[in-house]
Protein chains: 2
Amino acid sequence: MSETTPTADTRPAEDGGAPAPRRRVNRREQILRTAADAFATQGFNNTSLADIAAMLDITPAGVLHHFGSKTALLTAVLELRDDTDPAPEGSRMLDHLVATAERNAERPGTTQLYAVLSAESATDRHPAQEWFRDRFTVLRQEIGDAVLDRLDPRDRAAAATPGPDGRTPAGEAAAAIIAVMDGLQVQWLLDPEAVDMAAVTETVIDALVARLSDQG
Amino acid sequence: MSETTPTADTRPAEDGGAPAPRRRVNRREQILRTAADAFATQGFNNTSLADIAAMLDITPAGVLHHFGSKTALLTAVLELRDDTDPAPEGSRMLDHLVATAERNAERPGTTQLYAVLSAESATDRHPAQEWFRDRFTVLRQEIGDAVLDRLDPRDRAAAATPGPDGRTPAGEAAAAIIAVMDGLQVQWLLDPEAVDMAAVTETVIDALVARLSDQG
DNA sequence: GTCTATAGCCTGATAGAC
DNA sequence: GTCTATCAGGCTATAGAC
């Protein structure tokens, strides 16, 4: 996934055996990080190329050179995330989610980026619409599996059985867990003192798992 | 809350005893509905006064005449809601929430309006920030009370007891319920087939109430 | 009370310099 | 490969016509 193509600066220095100090990374990546920051704090629609350009002391067209369009820049920003967030498989993933909620409270920027953009993407013909739809589909699947993994084996079959609408109880629990995390982010961004994202996430996961275990 | 000031058209007709047919309502309200629609489908930042004006066959300035600024128009749109959504008190409110989720699936416009705007409001200095912060505060309180109301009396004290951070278990459950509803809306807007908002909302409410009952 | 004309700024993107 | 100059169009809001 590495869009991180090194420039000449990353070559070993010719004047010695020491590794090059990487004074300046690729301009492209510099723009990417700046844009992520701007989209997070202002939303995509409300951020202009001029805003981003100004932070880097170049002109808007300078930004466009590297990405071609504002939409392409957004796509690149969203894909940036995949590198930095490795999710474990199986039932440990649920613990990972709680840890993520905890970490999110320390990184308001990233939290804001996804909370704001995911909702914004639900508007007509938004460029990030497909990206978020796919992301939610994958997440529901993965977290649904993780929920099944945590269940007692004899409860597992029932939770994995689709109803007439094709949805499984485990899948619905997954949708709920994702929804709680996203919804809490908005509440927390507006009023950090009012909610404890990690604690509430954990409570909901436990409550849902307990419910899937009690059914019989 | 009635901003609905009737115009001359709503006077009883002078030519007979029959009530006036109200052919045309206040222009202001006409604009309000159109704006709500536009904000819902495009987001606030991505909607121009020209968009709204075009739907009414007037100029952007014609819109501004009635509200003074685009921000004021947004505020008016948000306050419109209060008229049409009476929430019952007590534990019946939880049933009302499930019913609301069900109704939301039939009104994509309104659903989108609040899902998109609430997240968008979490960006820097957004004009609707205070409105949504207050709204969430009130909702957490009301739904927290409703949760307490549904509990068995002997579980109630524990659920209403604040921890060291000042938050009560019932309040956290309330935050979770609101979060689930909001988060589900985004998933549903992006992929209506993938989630059943009402069913999942009900599941989460039941699971959380059960958990608050089981604690001892 | 209702709205248009117009101003003045800001937008994303193309064409082309180095 | 990196970026600036420039453009045509869109933006909100003021001033004032009816």
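Buried residues (under 20% relative accessible area with a 1.4 Å probe, protein chains only) make up 44% of the 216 residues in chain A. The model is predicted: local features require a pLDDT of at least 70, side-chain atom pairs count only at pLDDT 80 or more, and totals for chains, interfaces and linings use all residues. Residues are numbered from 1 along each chain as its sequence is written, chains are lettered from A and ligands numbered from 1 in the order in which they are written, and side-chain values use heavy atoms, with hydrogens and water left out.

## The fold of chain A

The secondary structure of chain A amounts to ten helices and zero strands. Here helices (H or I, at least four residues) and strands (E, at least two) are DSSP runs, numbered from the N terminus. Read from the N terminus on, the elements of chain A follow the order α-α-α-α-α-α-α-α-α-α. A contact means heavy atoms within 4.5 Å. Of the contacts in chain A between residues at least 6 apart in sequence, 62% join residues at least 24 apart.

The expected span of a helix is 1.5 Å times one less than its number of residues.

| Helix | Residues | Number of residues | Span, first to last C-alpha | Expected span |
|---|---|---|---|---|
| H5(A) | 92-104 | 13 residues | 18 Å | 18 Å |
| H9(A) | 169-190 | 22 residues | 32 Å | 32 Å |

In H5(A), the buried residues are A:Met93, A:Leu94, A:His96, A:Leu97, A:Val98, A:Thr100, A:Ala101 and A:Asn104. The elements that cover them include H6, H7, H9 and H10 of chain A.

Why is H9(A) described as largely enclosed by the rest of the structure? The reason is that 19 of its 22 residues are buried. One residue of helix H9 of chain A is A:Trp188, which is buried with a relative accessible area of 10%. Apart from neighbours within four places in sequence, A:Trp188 is in contact with A:Asn104, A:Ala105, A:Pro108, A:Thr111, A:Val195 and A:Met197. A:Trp188 and A:Pro108 are 80 residues apart in sequence, and 9.4 Å separates their C-alpha atoms in space.

## A loop residue in both chains

The residue A:Asp57 is placed in the loop between helix H2 (49-56) and helix H3 (60-67) of chain A. A:Asp57 is not a glycine, yet it has a positive phi of about 60°. In chain B, the loop between helix H2 (49-56) and helix H3 (60-67) holds B:Asp57. B:Asp57 likewise has a positive phi of about 60° although it is not a glycine, and at 73% relative accessibility B:Asp57 counts as exposed.

## How the two chains are related

Two copies of a chain are related by a rotation about an axis and a shift along it.

## The interface

The contact takes 47 residues from chain A and 47 residues from chain B. Because 100% of the interface residues of chain A are also interface residues in chain B, the copies meet through the same surface.

Buried area is the accessible area (1.4 Å probe) that two parts lose on being put together, summed over both. Chain A and chain B bury about 3900 Å² between them, and 61% of this area is on carbon and sulfur atoms. A:Arg167, A:Gln187 and A:Leu190 supply 17% of the area that chain A buries against chain B, more than any other three residues.

How many salt bridges are counted between chain A and chain B? The count is three, a salt bridge being a side-chain nitrogen of Lys or Arg within 4 Å of a carboxyl oxygen of Asp or Glu. In one salt bridge, the side chains of B:Asp206 and A:Arg211 meet at 3.7 Å, N to O.

Helix H1 (27-42), helix H6 (108-120), helix H7 (129-150), H9 and helix H10 (197-214) of chain A each supply at least two residues of the side of chain A that touches chain B. The largest share of that side, twelve residues, comes from H9(A).

On the side of chain B, B:Arg140 is found in helix H7 (residues 129-150). B:Arg140 is buried, with a relative accessible area of 10%. Leaving aside neighbours within four places in sequence, B:Arg140 is in contact with A:Gln187, A:Asp191, A:Ala194, A:Val195, B:Ala174, B:Ala175 and B:Ile178.

Terms used:
Buried < 20%, exposed > 50% of the residue type's maximum accessible area, 1.4 Å probe, protein only.
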